Amino acid sequence: MKNSNPFLRASTGALALILTLPDARAQQAVPPADDVGADIVVTAPRLAGSVDVDIPADVVLDEAAIQSYGASSVTDLLSALSAQTRSGRGRGNGPPVVLVNGKRVSGFAEIRDLPSEAIQRVEVLPEDVALRYGFTAEQRVVNFILKEKFSAITLEGEVGAPTSGGRTSMEAEAGLVRIGKLGRLNIDTEYTRSGKILESERGIIPDGADETAYRTLSPSNEAFKLNSVLNRTIANNVSATLSLQHDRADTVSLFGISPASVGAIDPLTRNVRTRAWTGGLTVDGRIDRFNWTATANGERTTLRTLTDQDVAVPSGRDLAQSRLSVGNASWSLTGPLVELPAGPVTTNIRAGFEARGIDSVSERSGVLRSASINRDEANVRGNIDIPLTSRRRAVGDVIGDLSINLNGGYKKLSDFGAITAYGYGLNWSPLSGVTLLASMAVDQAAPSSTQLGEPTLVTPNALVYDYVRGQTGIVALTSGGNPLLRAEERRDMKLGLTYEPKWLDGLTITANYFRNRSTDPLAAFPALTAAVQAAFPNRFTRDGTGQLVAVDQRSINFLASRSDQLRWGLSFQKSFGQPSAGAGAGAGAGAGRGGPPGGGGRGFGFGRPGSNGGRWSVSAYHTIKFVDEVDIAPGLPPLDLLGGDATGQSGGTPRHAFELEGGWFNKGIGVRVNGAHQTATSVNAGGSPLRFSDLTTLNLRLFVNFEQRKALIDAVPLLKGARLAIRIDNLFNDIQGVRDAGGLVPLRYQSGYVDPVGRTFEISLRKIF
C-alpha cells in the first residue's frame, strides 16, 4: 500500500483528458505544421485506416507482432489481449469498442471470425477515444486495420479435456475470406461440443444421501455458429457491409435423484435450448470534410428451459420460455467544424432509435405466468473537442498540446422516461511522450429489458452458503427478471497518464485512477449475510428450525456504492535478429506511428516465410483498490468489501490484482503466457467468518507455424500453411481455497464447486489455404 502511494500522487496530480479527432475515418495524412518559429519535424503520413487522435495508443501491433500471438481469429487475438483491452473504469467487464479501418461497425460479428493473417495492424486506445465515435467512455477502443488484399480458406480442429478427467471437448471450424479492392467476403462456421462434469468425478462430499453421480458441476453443451459478412463499395467513397449470424446451443444439467423415481434411478434434469438470429448493416461515406456512418441491427433470440419437478408426484416439467426481439438504427457524423490557431475543432454527433421487447412465459407446478416488457428508445449524443495550444503550430507551445472536451447524451425511454448523460475533460501533452488525461462522466443507466422481464426460473437443490448460520444450505433458487428495478445514477472521474520514454523504444507506461460513485446501483443478489437478510427479508424462506430452504436471487437495487482504484502497468515489445538496427525496433504503443504508409511499423516484414527475425513482448498491470463500499438499505451500516463484507459467494474484493501477458516468437516457434493473481479476502459476517485464499492462474500456449520451418515443408509439403498449437489453461491447477474459523472447508466451497474444470489441456491443428 505504501509503495503504491507515489503512483497515486503522480496520477491524481496530473491534469488530463480527451483528445482531438480531425477525422473519424482517419484516412488522410496529417496536415503539415507551420514552420514559422518552430523546429523542423519530419512526420510520416499515418497509415490508412488508423485512428487519428492526439491521445496515444496504449498498444500498437504491426503485422509481425500479430502473428507472434499465434491467434487463429480476431476473437482469439482479443482474448490474448484481454489484459491490455480491459477497462479499469470499474463499470463491468464489457467488451471493447471495435473499429474496422478506423470506422464504426454494426457489431463485433462483422469481424470476429476473420483470420489474424488478414490484419495489418491493431491499435488499442483508452476509454476516452470512444467518445469520438458516439460511445460512452466506459470501454477501451480496439481498431483493426485490414490488409488491402487477402484471400484464404481456413480449417481448424481442436480437442481438449481437464487433466482431472470427466469431460472431453471438441471444436471444428471452417472459414472463407476474400479481401480486395471492391470489398470483402467472410463466411465462417463452427461446431463445439463439451461433455458434462459430475460431482462424483471431483470427489464431492455430499450433504446427506450420495447423489453425486446424478448431479452436474458443469453441464454438457453442444453449439453451432454460422457467420457471414459481405462488404462492398457501392458508390464513390461509400461502402456497405451486410452481416448475418445464426447461433444455436443446447445444454443438459442434472440436479440429483428425482423423488418420483421408482425402480430405475431417474435424475432431475434441466434442458436449455437457445436459438438466435442476428443481422447487421453498415453504410459509411463522406460529405465534404465529414465522415458519416449509418448502422442497423436486428436480433431474435428464443430461450426454452425445461426442468424436472423436485416432487414425489410431478405434474409435468417446469417451463421457462422467453423471446427477445431487438431492432435498432443509428447515424453518426464526424468531422472538423472550424479551424482555430491550435487546430480544428472537431465534433461527433450520433442519433438513433431502438425497439426492444422480451416476452416470457413460465409454468411451475401447473401455475402459468406470463410477462411482456417492451421498450422504445430514441437517443442522441454529441461530442466536441477544442484545441487550445499546439507545439506543432507554435500556439502556446511552451504549454505543450492542450485541448478540452465536452460531451452529452439524451435518451427517451418509453418505460423509464428521460435518461441524461454529460461529461467533460482535458487532454494535455506537456512534453513529447507524456500525455495526461482528466475526465468526468455523469450519467443514468436504466435496467435492461432482460433484467426486468426474464422468465422466472426455479433451480432445485442449489447449494448456497448461509452466513447467518455459518453453514451450507440446499435451497430452491429463484432467478429471472425483476420489474421493480430502478434506474442507476452514476458519477465517474478519471485521471490518466501515458508515458513513452525516448530512452527505451517500444515501452509504454500507463497509470489510471478511477473514482466511481453510484446511486441506486443495479446488482445481482448479494451473499446471504445477516445485513442482507435484514435489508431484504422477503427474499429468504426458512423452515421452523431456521434452516434456509429457498432464496429469491433476482436482481436488486442497492442504495449507493463507492469505488476508488488505481490501475497502472507497462507494455513492452522488442524485435531481435533483424537484418539492420532500424528493423529491430519494437512495436509498443508508439510502434508504427513513424513507419511508411502500409508498413505497419518498424518490425514490418517479420513473420513471413523466410524472415530471420524474432520478437518478444511483455505486458503487466497492477490494480489497487482503495475504496469499495456499498450501502444496501437505509438505516444499515455500509458494506466494506475490502474490510470483511461481501456481496457475492466468492468473498470480498481483493485489494490487489495483477495481470501478466507475454511471449516469445522466432522462426515459426512461439510461446505465449498470460496470467492473473488476486490477493486473499475474508468475510466476517454471520456465525462463522470465512477466509478466501489468494488465487494465481497461469495459462500457457505453445505453437509452431510450419510455414516458417523450411526443412519441414520440404520434407512434408502437406504442412505448408499449417499450425500446431498446445494450450494448457490453469497450468498449476490453482483453485481458490475457502476455510472457516476452525480451518474446515464448508461443503459449498469444496474445490469441485469453486472450479469444476481446473487445469485443461488442448491441442489444435489449423491449416490455411
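Two strands are said to pair if DSSP finds at least two bridges between them. In this predicted model, β20 and strand β21, which covers residues 471–479, pair in the antiparallel sense over eight bridges.

- Strands of a sheet pair through backbone hydrogen bonds, and the pairing may be either parallel or antiparallel.
- Four strands make up an open sheet here, and they lie in the order β20-β21-β26-β25 with mixed pairing.
- The edge strands are β20, residues 457–466, and β25, residues 540–542, each of which pairs on one side only.
- From one strand to the next, the twist averages 25°.

**The cavities**

- Rolling a probe the size of a water molecule over the atoms shows where empty space is left.
- Five cavities of 30 Å³ or more are found in the structure, and the second largest cavity holds about 150 Å³ of space.
- This second largest cavity is lined by 18 residues, of which T136, A137, R381, A441 and V442 are the closest to its centre.
- The elements that give two or more residues to its lining are β18 (417–431), β19 (434–445) and β22 (488–499), and β19 gives the most, with five residues.
- Sorted by class, the lining of the second largest cavity has eight nonpolar, four polar and six charged residues.

Note on methods: Residues are numbered from 1 along each chain as its sequence is written. This is a predicted model: local features need pLDDT of at least 70, side-chain atom pairs count only at pLDDT 80 or more; totals for chains, interfaces and linings use all residues. Side-chain values use heavy atoms; hydrogens and water are left out. Axes are lines fitted to C-alpha atoms, for helices over the stretch in contact, and angles run from 0 to 180 degrees between N-to-C directions. On a 1 Å grid over the protein atoms alone, a cavity is a set of points where a 1.4 Å probe fits but cannot get out, and a pocket is an open set with protein on both sides within 12 Å along at least five of seven lines; lining residues have an atom within 4 Å of a point. Grid points are joined across faces, edges and corners, and a volume is the space filled by probe spheres set on the points. Ala, Val, Leu, Ile, Met, Phe, Trp, Tyr, Cys and Pro count as nonpolar, Asp, Glu, Lys and Arg as charged, and the others, Gly among them, as polar.
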